[in-house]
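Subject: Structure handover

Hello,

Here is the structure I said I would pass on. My notes on what was found in it follow below.

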Amino acid sequence: MDDPDGPLVRRAQKGDRWAFEQLVDRHQHRLFTLATRLLGSPDEAADAVQEAFIRAWLGLSSFRHGARFSTWLYRICLNAVHDQRTKRPTAPLEEVAEPVDPRDQFVAHELSGALQQALAALEEDYRGAVVLYDVLGCSYAEIAELTGVAEGTVKSRIFRGRKRLAELLGTRTERE
Amino acid sequence: MVTGTHPEEVDLFDYVEGELSADRRTELEFHLASCATCAKQVALVQAGKDALRESQLLHLPPARREAISTSLPTQRRAPDRSPALSPRRLLAILTPVAAVAAVVVVLVSSGVLETNGNDQAGSAAAGATSQLQMEDQAGGAEAAPPVMKVAGPATTVADELRRKGIRARAVGNKVEVRDATQAEVERALGYRRTGRVEIVLIP
Ligand SMILES: [Zn+2]
């Protein structure tokens, strides 16, 4: 399989830390989007993403070319998201004031929106399927591999997830 | 597909995705024209799809991106020899490293520590992990005089350099640049006003 990450992954597997940093740069926002949409909290999501990249770095030797690196990374991220969720409820931490970045405000705005609320109300399997397919553009085969179900089930989850989401959003279905 | 009974869910899905053959598509459209139930399902699925696709990629905050670099242990194990540590063992090792690194990041970003943050994260992490050989990536950085001083924050400057294909990372209030010339850095950041973020070239 022609994986655009292949050359960087090979270098990173030989211990080239810079190559791995390039991979982090390439995938950070997609992993963050995935984790944030699944967890609903940007802080928890950032923790999960950090954990995922550390696990990926340490586990690189177990990655086999032939699979897509991004799929492998998503799987690690999904596991980190799962672990993050099991850590809840977290002990209250003292908030550290960070400089205001317009991109953080954008994330806050996105998460306060109707879409995130509707996503949060979806059944977990449906939420994962629609985020991977519609938000991140994964293929049916990738999602099937990531979630351990048949492609037909993936389609069914996307279908039902979207439908439920539209109902939750109260979308008008009559086309005028 | 029979127009008298409702089509399968997967057919409706493939219809929305435009993945049906022309013949099947025509058949299905014929059914949809006379079946309000299926037509409503299709409309809802399409609306859900539209809502999801309008959502944008969320950006990992730069400080959290830097925290990843800070918390990555420097591995010097050859990939094919020495059996890998078990995930449980790795986690046991990593948890204190990540915690120490996170504390250092917080201290540096909040201005409590003014010195090179990576040095401290590196040595603290090395102390915590005798299993992994750590190396100080920022070694020698302090000695290099800055080639430029620009307005920050450092993480944003490093982000920008990376977007322009230059190896860069923020360390405290400095940005370390590798494999690039002063001219390349100046070209990439030339429009920025002068500030307190120091750009240093690492040989
Ligand atoms: Zn019908």
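Phe20(A), Phe53(A) and Trp57(A) come together as one aromatic cluster. Please keep in mind that this is a predicted model. Counting over all chains, the structure holds eight aromatic pairs. One of them is Phe69(A) with Trp72(A): the ring centres are 5.7 Å apart and the planes make an angle of 35 degrees, so the pair is tilted. Both residues belong to helix α4 of chain A and are three residues apart, about one turn of the helix. Phe69(A) has 1% relative accessibility and therefore counts as buried. Trp72(A), at 15%, is also counted as buried, because the cut-off for that class is under 20%.

Another aromatic pair is formed by Tyr133(A) and Phe13(B), again tilted, with 6.3 Å from centre to centre and 55 degrees between the planes. Tyr133(A) sits in helix α7 of chain A and Phe13(B) in helix α1 of chain B, so this pair joins two chains. Tyr133(A) is buried with a relative accessible area of 10%, and Phe13(B) is buried with 0%.

Helix α8 of chain A covers residues 140–147, and its buried residues are Tyr140(A), Glu142(A), Ile143(A), Ala144(A) and Leu146(A). What do the buried residues of α8(A) pack against? Within chain A they pack against α4 (69–86), α7 (124–135) and α9 (151–169), and from chain B against α1 (9–16). Just after α8(A) comes Gly148(A), which has a positive phi of about 70 degrees.

Next, the zinc site. Its protein donors are His6(B) through ND1, His31(B) through NE2, and Cys35(B) and Cys38(B) through SG, at 2.0 to 2.2 Å from the zinc ion. Why is the arrangement tetrahedral? The four donor atoms subtend angles of 103 to 124 degrees around the zinc ion, and the class requires that all angles lie between 85 and 135 degrees. Along the chain, the donors follow the spacing H-x24-H-x3-C-x2-C. His6(B) is in the segment before α1 of chain B, while Cys38(B) is in helix α3 (residues 36–54) of chain B, so the pair ties together parts that are 32 residues apart in sequence. Cys38(B) is buried, with a relative accessible area of 1%.

The remaining notes concern a hairpin in chain B and the loop after it.

- Strand β2 of chain B (residues 167–171) has four of its five residues buried, so the strand is largely enclosed by the rest of the structure.
- β2(B) runs antiparallel to strand β3 (residues 174–178) of chain B, and five bridges join the two.
- Opposite Ala168(B) stands Val177(B), in β3(B).
- Two residues lie between the strands of this hairpin, where Gly172(B) takes a positive phi near 60 degrees.

Asp179(B) is found in the loop between β3 and α8 (182–189) of chain B. Is Asp179(B) buried or exposed? With a relative accessible area of 62%, Asp179(B) is exposed. Beyond its neighbours within four places in sequence, Asp179(B) is in contact with Arg167(B), Glu184(B) and Ile202(B). The side chains of Asp179(B) and Arg167(B) are joined by a polar contact of 2.7 Å. Ile202(B) is 23 residues from Asp179(B) along the chain, and their C-alpha atoms are separated by 7.6 Å.

Regards

Terms used
Residues are numbered from 1 along each chain as its sequence is written. Chains are lettered from A and ligands numbered from 1 in the order in which they are written. This is a predicted model: local features need pLDDT of at least 70, side-chain atom pairs count only at pLDDT 80 or more; totals for chains, interfaces and linings use all residues. Side-chain values use heavy atoms; hydrogens and water are left out. Buried means under 20% relative accessible area, exposed over 50%, partly exposed in between (1.4 Å probe, protein chains only). Contact means heavy atoms within 4.5 Å. Rings of Phe, Tyr and Trp (its six-membered ring) pair if their centres lie within 6.5 Å; planes under 30 degrees apart count as stacked, over 60 as edge-to-face and the rest as tilted. Two strands pair if DSSP finds at least two bridges between them. A polar contact is a pair of N or O atoms within 3.5 Å; within protein, one must be able to donate a hydrogen and the other to accept it, and residues adjacent in sequence count only if both atoms are side-chain atoms. Donors are N, O and S atoms within 2.8 Å of the metal (3.2 Å for Na, K and Ca); water is not among the atoms, so sites may look incomplete. Four donors count as tetrahedral if all angles lie between 85 and 135 degrees; four count as square planar and six as octahedral if opposite donors are over 155 degrees apart and all others between 65 and 115; anything else is irregular.
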